[in-house]
Amino acid sequence: LIMDGNGRWANKRGLPRLLGHRAGIAALERTVRAAGEMGIGFLSVYAFSTENWNRPQLEVMGLMALLRHYARRKVPELVKNGVRVRFCGARRGVPDEVLRIIDWSETETARCGRMTLLVCFNYGGRQEILDAIADAQSNGETISSEEDLRKHLYLPDVPDPDLIIRTSGELRISNFWLWQGSYSEYYFTDTLWPDFGAAELKKALQSY
Ligand code: IPE
Ligand code: IPE
Ligand code: MG
């Protein structure tokens, strides 16, 4: 899920962008619940890209605060619903207090097995490939096949996505799942992310 359109959702209502992001969190909760009920094994959400650091500092700080707030409050519920959380992205550059929450969420949900929620945070497909190459080099390995590279991706054991959904009408992938998405199906909807939920997810799955 490329969760796009929070800013435009807020703009349309004359609200600050951060309230759009907050409404986006509510949409995320609905969608995670719906995906669990539909029996989806892996759901990945693009929460913050390597390019999103270029946004105004106040917005970046607000997004970090929202993530911490969401994780701290919602992890017990995720545990109850059997949702395992795994983060996907570069740790370098992420503030320590955010890393601590990330690690805590992963530990708390480590034994949950109903669904895995992959939170792509400080994620960029190009950066991931560069990091994979650097990781291989530091082990003295040369990369000469897809498998050689794949095992150095952030989450090598996670299957490639079957379906990639982007909301808000933008027809781009904005650096999401560059390697893993080679054979994914794409679904684009004009719905802004804060308006997304079970019905929209179902429509996307039906199209798939
Ligand atoms: C997506 O909504 C959320 C993040 C990138 C964190 P945007 O903030 O990109 O909203 P628009 O695209 O400006 O409407
Ligand atoms: C993509 O949305 C990234 C996330 C949803 C986290 P953006 O709004 O950041 O992407 P661009 O700038 O429109 O390509
Ligand atoms: Mg956007």
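The following legends describe close-up views of the two ligand sites in a predicted model.

Local features need pLDDT of at least 70 and side-chain atom pairs count only at pLDDT 80 or more, whereas totals for chains, interfaces and linings use all residues. Residues are numbered from 1 along each chain as its sequence is written, chains are lettered from A and ligands numbered from 1 in the order in which they are written, and side-chain values use heavy atoms, with hydrogens and water left out.

**View 1. The residue shell around ligand 1.** Ligand 1 is surrounded by Met3, Asp4, Gly5, Asn6, Gly7, Arg8, Arg17, His21, Ala47, Asn52, Arg55 and Leu63 (a residue is near a molecule if one of its heavy atoms lies within 4 Å of it). By class, three of these residues are nonpolar, five polar and four charged (Ala, Val, Leu, Ile, Met, Phe, Trp, Tyr, Cys and Pro count as nonpolar, Asp, Glu, Lys and Arg as charged, and the others, Gly among them, as polar).

**View 2. Polar contacts and cover of ligand 1.** Oxygen atoms of ligand 1 lie 2.7 Å from a polar side-chain atom of arginine 8 and 3.3 Å from a backbone N or O atom of glycine 5 (a polar contact is a pair of N or O atoms within 3.5 Å). The side chain of arginine 55 also places an N or O atom 2.7 Å from an oxygen atom of ligand 1. Of the 380 Å² of accessible area that ligand 1 has on its own, the protein covers 86% (Shrake-Rupley method, 1.4 Å probe). Helix 1 (6-12) and helix 2 (17-37) are the elements that give two or more residues to this shell, and helix 1 gives the most, with three residues (helices are DSSP runs of H or I, at least four residues, and strands are runs of E, at least two, numbered from the N terminus).

**View 3. The residue shell around ligand 2.** The residues around ligand 2 are Ile2, Met3, Asp4, Tyr46, Ala47, Phe48, Ser49, Asn52, Arg55, Arg166, Arg172 and Ser174. Strand 1 (residues 42-49) supplies the largest share of this shell, four residues. The shell comprises five nonpolar, three polar and four charged residues.

**View 4. Polar contacts and cover of ligand 2.** A polar side-chain atom of serine 174 is 2.6 Å from an oxygen atom of ligand 2. For arginine 55, the distance from a polar side-chain atom to an oxygen atom of ligand 2 is 3.1 Å. An N or O atom in the side chain of arginine 166 lies 3.5 Å from an oxygen atom of this ligand. The protein covers 77% of the 390 Å² of accessible area that ligand 2 has on its own.

Methods. A polar contact is a pair of N or O atoms within 3.5 Å; within protein, one must be able to donate a hydrogen and the other to accept it, and residues adjacent in sequence count only if both atoms are side-chain atoms.
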